Each structure stands twice: as structure tokens, then as C-alpha cells.
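Please find below a short note for a reader who is meeting this structure for the present review.

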Amino acid sequence: MQEDQRVFDVAIVGGGIGGTMLGAVLARHGVRVLLLEGSGHPRFAIGESTVPETTFGLRVLARRYDVPEIEHLATHGALRRHVSSNCGVKRNFSFVYHREGEPTRPDECTQYPTWGPPLGPDSHYFRQDVDAHMFHVAVSYGVTAHTHTLVDDVKFEEDGATLVTRDRGSFRASYVVDAGGMRAVLPERLGLRQEPPYRTRSRTIFTHMVDVRPFDRVAPPRAEHGMPSPFSQGTLHHMFKGGWFWVIPFDNHSTSTSELCSVGVNLDLDQYPRPDDVPAEEEFWRHVRRFPSVARQFERARSVRPYVSTDRTQFASQKVVGDRWCLLPHASDFIDPLFSSGLAVTVMALNALGHRLIEAVRRNDFDTARFAYLDHWTKRMFRFYDDLVSCSYVSFDDFELWNAWNRVWTITTLYGTNAQNQAAVAFDRTGDPAGFDALELPPYRGLQGVDNPWVERLFDQARDAVLAYRAGESTKERTVARIYELLRESELCPSVWGTLDPQDRCPAGVFTLWPLMRILLWGKFRSPRHVRGSYFTGGGRMVGKEAVQAYTGAVRAGGSQVHQTVRDMWVNWNGDWTRRAEPRK
Ligand SMILES: Cc1cc2nc3c(=O)[nH]c(=O)nc-3n(C[C@H](O)[C@H](O)[C@H](O)COP(=O)(O)OP(=O)(O)OC[C@H]3O[C@@H](n4cnc5c(N)ncnc54)[C@H](O)[C@@H]3O)c2cc1C
């Protein structure tokens with residue numbers, strides 16, 4: 001290998017979804033990037049469910065850095081056309097409550113639909129396809145990439161770092177980004193790992209299966225449960241005291257080429273310590289059998305990969321950036337799969353890291369202070385998700401408590417997503433990527449609206465109410481009443497939503513075109529002073545333009561996709577899942 005193929009501006013350790021997107025962004029702007037991946041592609045990876053803040057963040061990333069391939073991951077339609085038909089559609093987050101030994105009750109479920117076309121729907125990434133695709137995109141932009149190249153050590157010197165690989169010798173770079181996920185090399189080598197300072201204490205058992213029934217065939221009829229979007233066309237959460245299952249189908253749309261479904265169970269460590277003598281598979285099925293409706297959904301299901309059983313899922317690092325290095329979020333910390341925060345935080349970090357690194361390379365100035373923003377906001381988001389998740393585990397005690405607490409998340413998600421959309425709308429108007437700088441100014445920093453004092457206050461006070469319940473200082477009834485009171489007082493809930501009505505278990509309604517316009521109109525003309533002008537200032541024109549683009553994209557893809565795209569713009573319910581074959585006998 002020639003000497004100039006061993007010296008780079010930036011070395012990225014880890015060629016997963018995070019490392020490859022960063023590589024593409026940097027190479028697109030002339031940075032000489034080395035990407036080292038310890039395994040090969042395709043390879044299994046976990047982290048399959050997106051949320052609106054992930055997909056809106058991907059749109060921002062793609063447009064800000066002019067890498068259109070990243071936007072192909074932002075909506076299910078584009079993903080299916082450009083990346084892989086093995087991915088699933090995510091039209092909703094559904095949460096179904098279970099009591100041991102009883103079938104689920106029709107009025108004990110909640111739902112939060114994702115956005116319809118053109119801004120959605122969200123996706124279930126079949127990660128081996130998505131990551132392999134992004135790896136090739138990175139290479140196509142000029143990244144020098146090596147697979148099967150494990151980085152064993154990184155040695156820092158004054159003007160850069162030497163990466164020592166197991167089988168391919170050493171490489172030099174001015175700056176190192178560790179995108180190695182939970183087993184990343186830098187936290188270990190630099191002694192950064194620490195006892196997770198988080199309240200959440202959970203563990204996970206997961207696998208991929210075939211022959212998982214669509215839950216719509218098992219659940220009470222729609223006329224009884226009243227949810228507007230099919231359970232089987234989204235990420236389904238089966239909640240029970242002290243835990244929850246995820247069901248993430250990849251086979252849930254009419255053009256899917258997959259028969260797989262990702263499943264996992266997450267357990268509060270204190271209520272369900274990890275047994276020494278029970279194999280992962282047996283423990284998984286023990287929990288399935290406790291809940292008759294879950295057992296019916298999995299009646300014929302079989303795993304197609306070994307079960308993975310983790311110890312405590314949470315991990316943490318003392319810091320995210322240092323002298324000539326930076327950790328991507330999943331190399332730094334993790335909370336829990338609930339609310340699918342991993343990719344959202346990763347995309348947030350990529351947006352903030354991209355321009356800092358491009359500028360650092362141009363100026364040959366890698367001063368740590370330049371990257372301090374990442375340290376602060378990555379850690380801030382992990383603290384937020386720790387609060388959100390740990391209070392959710394508490395709320396699994398009782399359906400009414402969950403029904404109240406999860407409304408707070410629908411509001412934080414609304415403002416977090418809208419902040420990203422504001423930036424996209426500004427870019428649409430001016431074509432100037434500098435418009436995205438607003439995302440690093442108050443009140444838009446971070447995710448989930450945490451930078452907005454009103455959103456932050458609502459969240460913190462509702463969290464404190466749940467914690468008081470957990471500490472035995474408040475009853476369930478008082479806690480529930482307090483959360484609704486806080487929601488009302490905040491004035492953050494759109495009046496076109498049913499957030500303040502406990503009977504409305506899909507309080508955000510659906511995000512098809514007409515309801516979307518109603519929220520925009522509320523935000524623009526009827527919202528309180530602390531919302532108006534900062535959020536919902538536009539978007540109608542951009543949505544209209546993108547609706548036409550989504551339509552023409554579907555026309556090019558042909559037949560059923562045109563019908564489906566137009567249908568999904570206006571209605572959320574469909575019978576696609578009824579056309580899927582029943583599991584084999
Ligand atoms: C149980 C579980 C469920 C999750 N579910 C979700 C979800 O539904 N939605 C969501 O948004 N997020 C979820 N996450 C988080 C999600 O997995 C991560 O946010 C995401 O995978 C981060 O991508 P990445 O590319 O940074 O890291 P990874 O996907 O972990 O990729 C890291 C890559 O680095 C390589 N690597 C590691 N060390 C080295 C080395 N020394 N040398 C060379 N290469 C190396 C690995 O081989 C790997 O390919 C979940 C996480 C867990 C643990």
C-alpha cells in the first residue's frame with residue numbers, strides 16, 4: 001500500500017450506519033476519509049425502528065451536506081425504491097397493555113401514527129441492507145474503506161493519531177471518530193467507560209423470527225379498540241408491569257420481499273434479574289406465555305437467528321469528545337430501545353459534527369473547544385431519554401398512568417420534529433444551507449424540544465410527578481391528574497388534538513395531509529405566544545411540492561405504489577395486512 005493511502009484527514013472506526021453516513025458527508029466536502037470496519041457487509045445490526053426525529057434529521061443531513069442518498073432513508077417509499085424492499089413500513093407506534101393471564105382489553109392501547117407521505121411514513125430498517133447500501137454510498141463519494149479491518153488500538157500524538165489494525169498495518173489521521181457502537185475501541189483504550197449514571201436499569205433478549213402473526217388478527221376488532229392505523233403496520237409495543245416487548249415486522253407491506261420480524265423483550269433488571277441457569281430462548285418464551293394475546297401472536301413463530309440476551313443495556317462514557325477524537329452517540333452511551341432514540345441522537349450528532357469537522361480540516365485546527373457542543377448536547381439527550389424511559393417503566397404499573405405519561409412524549413416529539421422541519425422549510429425558501437445553523441441556536445438545539453423552556457418545564461414537572469408516585473409520595477390518581485393539569489397549563493397541546501381527553505387514546509390523530517394542515521394552521525394562527533413565530537411558521541408550500549415529488553416518484557416505480565402513495569396521503573388505515581398469508585401450519 002502506498003504511503004499516501006495510509007495518511008488521512010479523518011479516520012472513522014466502524015462502518016455501520018453512523019460511520020458510513022459521516023464518511024459520505026465529509027468526503028462530499030473534500031475531506032480525505034478513512035473508514036475501517038471490523039466485520040464485512042452485509043452483517044447483522046440492531047437498531048431497526050425509526051422515529052420522526054430520525055427521519056426529519058436525515059432530511060436535514062442530506063440537504064445540508066448535499067448527499068441526496070441519505071434522504072433515501074428518510075421515508076419508507078424512497079427506502080423501498082432506492083435501498084431495499086426487505087425493510088418494513090412504520091405507520092405508527094402502538095402500545096398495547098397486558099395483564100398476566102388475561103387477553104388484552106380493547107380500551108387499553110394507545111397509538112401515535114407517524115407522518116403520511118410526503119414526509120413519511122417511517123421505516124423498519126433491515127439494517128444489514130441499509131448499512132451495506134450506505135457503505136457503498138460512502139465509497140462512491142471517495143471514502144477509502146476497508147472491511148474486515150479491526151482497529152485494535154489508537155495512539156494519539158500532538159498532530160494526529162495512529163490507528164493500529166489487527167491485519168492491515170497502521171494508518172495515520174489528523175482526527176479520529178469512533179463509530180464503533182457499544183464495543184467501540186476508544187472508550188476502552190482511553191478508560192472512558194463509567195457506571196451508567198442513569199435511572200433506567202433494563203436488559204434485553206432479542207432475535208429475528210418468521211411466522212409472527214399480524215397483531216390485527218389477534219387484537220379485539222378495530223370497532224372496539226378504535227385505533228386509526230393497523231397495529232401490524234408499525235412498531236408494536238406490548239407493555240406489562242416491569243417490561244415490554246417490541247415487534248418490528250419487515251414483511252408488513254404489499255411489496256415487501258422479507259418474511260422476517262424483529263422481536264425482543266426488555267425487562268426491568270430489579271424486577272427481573274437475569275437468571276443464571278435459564279437459556280435466553282427459554283426465558284423469552286416464558287414471558288410470551290404469561291400474556292395470552294402475545295402468546296397467540298407468536299403461536300407459530302420461529303426464530304431464524306440465535307437469541308441475544310444482554311446484561312444491563314445501559315452503558316456510558318465520561319465524555320464524548322477529547323483531543324483529536326470524538327465518539328458517535330452509540331459508542332458513547334445507550335439507554336434502552338424504547339422510543340427508538342438511538343438513531344435519532346446519532347443523526348443529530350452527525351448534523352452537528354459534519355460542518356465542525358469540514359471546517360477543522362480546512363483550517364487544520366482541531367481544537368477540542370470546537371467540538372464541545374457535541375459533548376453537551378449528546379449527553380443532554382441521553383439524560384432526557386433516561387428520564388423518558390425510566391418514567392415509562394414506572395408507568396407500566398398501570399394503563400391510566402401510561403395513558404397520561406405518554407402524552408407528554410407526544411408533545412415533546414411534536415416540537416422536536418417541528419424544529420427540524422422549520423430548518424428544512426427555511427432551506428426550501430432560500431436554498432441556503434446556512435439556514436440549518438438555526439438548529440444549533442435556542443430554542444431548537446437537541447431533540448424533543450428540550451431547548452425550549454416551556455417544553456422543558458412541562459417535561460421536568462411531569463417527570464417529577466411520576467417519580468413522586470414511584471417514591472410512594474403520590475397516588476396513581478393524583479399523578480395522572482397532575483400530568484393532565486401540566487399539559488393543560490403548558491398550552492403546548494394543539495387544540496386540534498385530543499391530548500387533554502383521557503378517552504382519546506390516539507390524541508395526536510393521524511398525520512395525513514388534511515390533519516397536518518390543521519396543525520400548521522393552529523400553530524401559525526391560534527397557538528399561544530410562546531409557540532407562535534418560533535414553530536409552525538410555514539411548511540404548506542414545501543409539503544405540497546414534496547407531495548408532487550412523492551407522487552411522481554411512485555409513478556416512476558409503477559402500478560400499486562401510485563395508488564398506495566396517494567391513499568396514504570389521505571388515510572392512515574388500510575387492509576394491506578389482510579392480504580398477507582397466514583403463518584404456515
Ligand atoms: C437492543 C437494542 C435495540 C435498539 N433498537 C433501536 C431502535 O429500534 N431504533 C433506534 O433508533 N436505535 C436502536 N438502538 C440503537 C442503535 O442500535 C444504534 O443507535 C445504531 O446502531 C448506531 O449506529 P452506529 O453505526 O453508530 O453503530 P453500530 O450500528 O453499532 O455499528 C458499529 C460498527 O462498528 C464496527 N466496529 C466496532 N468496533 C470496531 C473496531 N475496533 N474496528 C473496526 N470496526 C469496529 C462494528 O463491526 C459495527 O459494524 C438499539 C440498540 C440496542 C442495543
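1. On a 1 Å grid over the protein atoms alone, a cavity is a set of points where a 1.4 Å probe fits but cannot get out, whereas a pocket is an open set with protein on both sides within 12 Å along at least five of seven lines; lining residues have an atom within 4 Å of a point. Grid points are joined across faces, edges and corners, and a volume is the space filled by probe spheres set on the points.

2. This is a predicted model, in which local features need pLDDT of at least 70 and side-chain atom pairs count only at pLDDT 80 or more, while totals for chains, interfaces and linings use all residues. Residues are numbered from 1 along each chain as its sequence is written, and side-chain values use heavy atoms, with hydrogens and water left out.

3. The largest cavity has a volume of about 180 Å³. Its lining has 20 residues, of which M348, N351, Y373, L439 and G446 are the closest to the centre. Two or more lining residues come from each of α2, α11 (341–363), α12 (372–395) and α13; helices (H or I, at least four residues) and strands (E, at least two) are DSSP runs, numbered from the N terminus. The most is given by α11, with five residues.

4. The second largest pocket holds about 770 Å³ of space. Of the 37 residues lining this pocket, T75, A78, R81, Q549 and A550 lie nearest its centre. Helix α17 gives the most to this lining, with nine residues; among the other elements that supply at least two are α2 (52–64) and α13 (399–430).

5. Helix α13 also contains N418. This residue is buried (under 20% relative accessible area, with a 1.4 Å probe and protein chains only), at a relative accessible area of 6%. Not counting residues up to four places away in sequence, N418 touches Y535 and F536, where contact means heavy atoms within 4.5 Å.

6. As to the whole fold, the protein has 18 helices and 20 strands. Its radius of gyration is 23 Å, close to the 25 Å that the globule rule gives for 585 residues, so the protein is as compact as a globular protein of that length; the radius is taken over C-alpha atoms, and the rule is 2.2 Å times the number of residues to the power 0.38. Buried residues make up 64% of the 585.

How values were computed:
Buried < 20%, exposed > 50% of the residue type's maximum accessible area, 1.4 Å probe, protein only.
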